[in-house]
Amino acid sequence: MHSGIGEADHLASFDIPVKVDLPGVGQNLIDHPEVPITAYANGPFGYYRQGEGWRMLWNGLQFKIFGSGRITSAGVEAGAFMNPKDREALPTIQAFCVPIVYLDRDAQSELKDGYGVTVTTVVVKPKSRGEVRLASKDPTDMPIVCPNLLKEEEDMQEMIAGQRFFLEAFRSEPLSSRLKGVAIPGPAETSDTALREHCKRFVKTNYHPAGTARMGTDGDRMAVLDARLRVRGVDGLRVCDMSAVPDINAGNTNAPAMMLGSRCADFVLQR
C-alpha cells in the first residue's frame with residue numbers, strides 16, 4: 001500500500017500516489033482463532049519453572065549426559081483434530097495441549113502461575129474475515145489490523161462446541177485425577193452465554209494469518225494475484241506466502257507456506 005498498490009480511495013486518503021488500483025490488498029484476512037481452557041495440577045506435573053535456577057541446571061545436565069528429559073520436548077505435548085458435534089464428520093476443531101498455565105500476555109494477570117495444563121481449541125475453517133489497513137502515510141507506523149476473530153456466528157458456535165468437548169475431557173480420566181479443577185472458564189461458566197463471553201475475552205490468534213493478497217481469476221476484482229502468484233498490474237512482482245491463498249487450510253500453515261514458496265520458485269525459474 002505504501003508503494004501505491006492497493007485500493008485507490010484508501011491510498012488517496014493518505015496522499016499516496018496510486019500506481020495500481022487493487023482493492024483486494026489487505027482484505028480477506030483469515031486467521032485460526034484459539035481459546036484456552038486452563039486448569040491447575042494437584043502435583044508437580046508439567047514444565048512450571050523448569051527453565052529457572054537449579055531446575056534449569058538439572059534439565060541441562062540430563063540432556064547433555066543422557067540425551068533425555070524435558071529439553072527434548074517440543075512444548076506442545078499433544079494435539080487433536082476432532083468434530084465435537086459429529087465424531088465421524090470432518091474435523092471442525094484442532095486442539096493443542098501444553099503442560100503449563102498458558103495465557104496470552106494481556107490475560108496473564110487473570111491467573112496465578114503454577115503447575116497446570118492448558119488446552120486451546122481452534123476453529124479450523126473460520127468464516128470470519130478481517131482486514132489490514134494503513135494507519136498513516138509513514139511506513140514506519142504499524143498498520144491497523146482487524147482480524148475479526150469469531151465475528152461470524154458459525155465460528156462462535158464451533159468454538160463453544162469445542163470448549164464443551166474438552167471441558168468434559170478435563171472432568172474425565174486420566175486428566176481429572178491430576179487436576180485441582182478448571183480455572184478458566186470458571187466452574188460456573190457452563191451456559192452458552194457464559195462460554196460465549198469466555199471466548200470473546202480470551203480469543204487470540206493461532207499465528208496463522210492468511211489471505212490478504214489472494215489469488216483469483218481474471219474477472220475477480222478482489223484477486224490480487226493471478227494463478228502464477230503474480231501481482232496484477234505489476235511486472236516482476238510475486239507473492240509466495242500464506243497471504244496468497246483464497247482460503248485457509250484446516251490446520252497449521254507451515255507446510256502450505258513451504259509449498260507456495262517451492263511453487264513460486266518453479267514459476268520464477270520457468271520450470
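Which residue in β6 is the bridge partner of Phe 96? The views below, taken from a predicted model, begin with the strand pairing that answers this question.

**View 1. Strand β6 pairs with β5 and with β3.** The bridge partner of Phe 96 is Thr 120 in β6. Six bridges join β5 to β6, and these two strands run antiparallel. Strand β3 is also antiparallel to β6, with seven bridges between them. In that pairing, Thr 38 stands opposite Thr 118 of β6.

**View 2. Both faces of β6 are covered.** Eight of the eight residues of β6 are buried. On one side lie Gly 116, Thr 118, Thr 120 and Val 122, all of them buried.

**View 3. The largest nonpolar core contains 27 residues.** Phe 166, Phe 170 and Cys 199 have the most contacts inside this core. The elements that contribute two or more residues to the core are β3 (33-41), β5 (93-98), β6 (116-123), α3 (153-170), β9 (179-184) and α4 (192-202). Helix α3 provides the largest share, six residues. In soluble globular proteins, nonpolar side chains tend to be buried together.

**View 4. Surroundings of Phe 166.** Leaving aside residues up to four places away in sequence, Phe 166 touches Ile 37, Met 82, Ile 93, Ala 95, Val 119 and Thr 121.

Conventions. Residues numbered from 1 in each chain as written. Predicted model: local features only at pLDDT ≥ 70, side-chain atom pairs only at ≥ 80, totals over all residues. Heavy atoms only, no water. Core = buried A, V, L, I, M, F, W, Y, C linked by side-chain atoms within 4.5 Å. Buried < 20%, exposed > 50% of the residue type's maximum accessible area, 1.4 Å probe, protein only. Helix = DSSP H or I, 4+ residues; strand = E, 2+ residues; numbered from the N terminus. Contact = heavy atoms within 4.5 Å. Pairing = 2+ DSSP bridges.
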